[in-house]
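Here is a quick tour of one model, going from its surface to its salt bridges and then inside. Have a look at the structure first.

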Amino acid sequence: MTRYVLKRLAGAALVLLALSVLVYALFYVVPGDPARLACGERCNPQQIAQVREQLGLNKSVFAQYLHFLQGVFAGRDHSTGTGVLHCDAPCLGLSYQTDQQVTELVLDRLPATASLALGAMVIWLVVGIGTGLLSALRRGGLTERALTVLTLAGTGTPVFILGLLLLMAVCAYLQWLPFPSYVPLGEDPEQWAWNMLLPWLTLGFFESAKYARLTRSSTLETLAEDHIRTFRAYGVGERSVVTRHALRGAVPPVIALSAVDLGTMFGGAVLTESLFGIPGLGKTLIDGVRHVDLPVVVGIVFLTGVAVVLANVVADLLYALADRRVALT
């Protein structure tokens, strides 16, 4: 098991290194002159040259990339024209718009996105796995047909349409809740939960549709295996067959998909955050793209990649704990 964990961590380190190369090349090498973007449209050539020197863009591409890596692992110094500003590790640069450290900006927005992603994850796992399992056990019946229709409707409904319908139904017509307005958890936990309820339901129900389909197909595949028929032939109770054997075999694909989805959510659920006015990473990413603020865009994209890689490592470890044969491969 220890060897398996070390192998997965080493693989994750290589993937993160490759990710850093890809992200840096995609945003700093391929596009136009970052110095012109940082300086603005009204800058003259002399001012652009000065900004290029301050950002270290007059060096080779390889030297610039090493400087970027140095910032991530050890921090780096930034020239502001009037002095030098030190950026502690992990340093992802300074925002072109506000001169704020991107790491501080990301950490400031991360709690809102984390609360949205984790709350929605609970909903999509409970609803998705429960619906998929019930659909598989009631195969061919009216319950299975109704759940299949709901699953297809959830898969085909865009998240912003679902969110608007919930807002209109719950807040406008029924008036069960006021229109959501994000409140930080530290300020008022009760108001935070009430204001996050609709975003959780919107994103959770939207994502739960594919988990229901995946759980249903995995459960049906597991129930058709030889060892399940053997258990039934020996008189093992149906509840024990489902909970101890069939469900255990159907869970690993759900774990893998959850890892990817959760990692992606930490990069920002853009539509949900925009719809409900949540000041998370998704909204920050949209603002960064709108203002061509490369360090902010790079920082959030890189964070998303790191979250996905780490989430997959955790998923692999959970795989190994659920099935010891995985750790031996």
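## A nonpolar patch

Which helix gives the largest share of the nonpolar patch? That's helix α7 (residues 159-173), with six residues; helices here are DSSP runs of H or I, at least four residues long, numbered from the N terminus.

Before going on, note that this is a predicted model, where local features need pLDDT of at least 70, side-chain atom pairs count only at pLDDT 80 or more, and totals for chains, interfaces and linings use all residues. Residues are numbered from 1 along each chain as its sequence is written, and side-chain values use heavy atoms, with hydrogens and water left out.

The patch itself is made up of Phe 160, Ile 161, Leu 164, Leu 165, Met 168, Tyr 173, Leu 174, Trp 176 and Leu 271, with about 950 Å² of accessible area together (Shrake-Rupley method, 1.4 Å probe, with only the protein chains shown counting as cover for residues). To join a patch like this, a residue needs over 30% relative accessible area and no salt bridge, and nonpolar side chains (Val, Leu, Ile, Met, Phe, Trp, Tyr) are joined within 5 Å. Take Phe 160: it sits in helix α7 and is partly exposed, at 39% relative accessible area (buried is under 20%, exposed over 50%, partly exposed in between).

## Salt bridges

The whole structure has five salt bridges, each a side-chain nitrogen of Lys or Arg within 4 Å of a carboxyl oxygen of Asp or Glu. One of them pairs Arg 109 with Asp 108, with the closest N and O atoms 2.4 Å apart. Arg 109 is partly exposed, at 25%.

Lys 210 is partly exposed at 33%, while Glu 207 is buried at 8% and Asp 261 is buried at 9%.

## Inside

There is one cavity of 30 Å³ or more: on a 1 Å grid over the protein atoms alone, a set of points where a 1.4 Å probe fits but cannot get out. Helix α8 (residues 189-223) gives the most to its lining, with three residues.

Terms used: 1 Å grid on protein atoms, 1.4 Å probe; cavity = no way out; pocket = protein on both sides within 12 Å on 5 of 7 lines; lining within 4 Å. Points joined across faces, edges and corners; volume = space filled by probe spheres on them. Helix = DSSP H or I, 4+ residues; strand = E, 2+ residues; numbered from the N terminus. Patch = residues over 30% accessible without salt bridge, like charges linked within 9 Å, V, L, I, M, F, W, Y side chains within 5 Å. Buried < 20%, exposed > 50% of the residue type's maximum accessible area, 1.4 Å probe, protein only.
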